[in-house]
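Here is a short report on one protein chain.

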Amino acid sequence: MAAALALAGRTRGRTTPNPNVGCVVVRDGRVVGRGWTQPGGRPHAEAMALGEAGEAKRGTTAYVTLEPCAHRSERGPACADLLVAAGIARVVAAIGDPDPRTDGGGFARLRAAGIEVTTGVLADAARRSMAGFLTRRALGRPQVTLKLALSLDGAAATANGRSQWITCPEARAHTHLERSRHDAILVGRGTWETDRPRLDVRLPGLEERSPLRVVLSRNARHCERSEAIQGHTPDALDRVAPLAMTAFIWIATPHDIASLPADHLFVEGGAQTAAAFLRADLVDRLLLYRAPILIGGGRTLPDIGLADLAEAHGRWTLVDQRQLGSDRLEVYERA
């Protein structure tokens, strides 16, 4: 299952509206087929793994990170039916699929065909792997990751607003890796006007994974229309795909992220925008890059809506930490 989860991570942020799923087909302890959801959502992981296994697939065990889908689509058959037709003997799944078109139906179809089904293997890791898909299903919005680059004394910028660069090259490279794992990246209008950030991925080999670019602004009418898609109406979003690298989507409030064609949103700057998302209680994951520098008198986060210090405790759980060059990365998830 760990191998299937690793495969699922290959297209995280590129399969929306489908989940990023991984599948491994095993015969006598040897992997005979591997698959992961392809960009755009098809083929599904099971179809890819069964295709690679070929004639060796009959009587095998399939490890899959999400319940095989039970609904037919114009884009392809139901994965539960594919597994039955392939003669799979056993299916090991991490979690069930909350999509009402499947939601237990995939497991039921497998069991009805005499296939042994085991569930709950590495379930927490699978939920983390597919957090964008699951958040969209549960809350109707993308999973939100907020990135903060801070000095040792908690400053996000100098007193005059300069924030390039607080972090070291290794930390900045890791930020580009995180960008590649998200459908969309968002900055505030102040950051957009001051820095004119490219908001793309500049790691060799991952340039094509640059996400949709979003700007948060209370009023986008005064911005350059040549670089903006005004508003977030369905007809505007239909034009996003071909314009992804040449245009921005403009939204007025953090809650407007529900309209974005994305399940994974990376909020990168600046301090006002970070505070706005925290005040709206829309942050699911925090990336804190701490640089070993002292700024003194620098700009910190504005008010995030806490009425009492006690409200700040118990909100975040540390799930990962590592050294990146001279900087320290801490990853927190909503408690």
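The text below covers the overall build, then helix H11.

This is a predicted model, in which local features need pLDDT of at least 70, side-chain atom pairs count only at pLDDT 80 or more, and totals for chains, interfaces and linings use all residues. Residues are numbered from 1 along each chain as its sequence is written, and side-chain values use heavy atoms, with hydrogens and water left out.

**Whole chain**

The chain holds eleven helices and 14 strands. Helices (H or I, at least four residues) and strands (E, at least two) are DSSP runs, numbered from the N terminus. The C-alpha atoms fill a box of roughly 65 × 40 × 40 Å along the principal axes. Of the 335 residues, 50% are buried, meaning under 20% relative accessible area with a 1.4 Å probe, protein chains only. Take the contacts (heavy atoms within 4.5 Å) with a separation of 6 or more: residues 24 or more positions apart account for 73% of them.

**Helix H11**

Helix H11 spans residues 271–279, and its buried residues are Thr273, Ala274, Ala275, Ala276, Phe277 and Leu278. What covers them?

After H11 comes Asp281, with a positive phi near 55 degrees.
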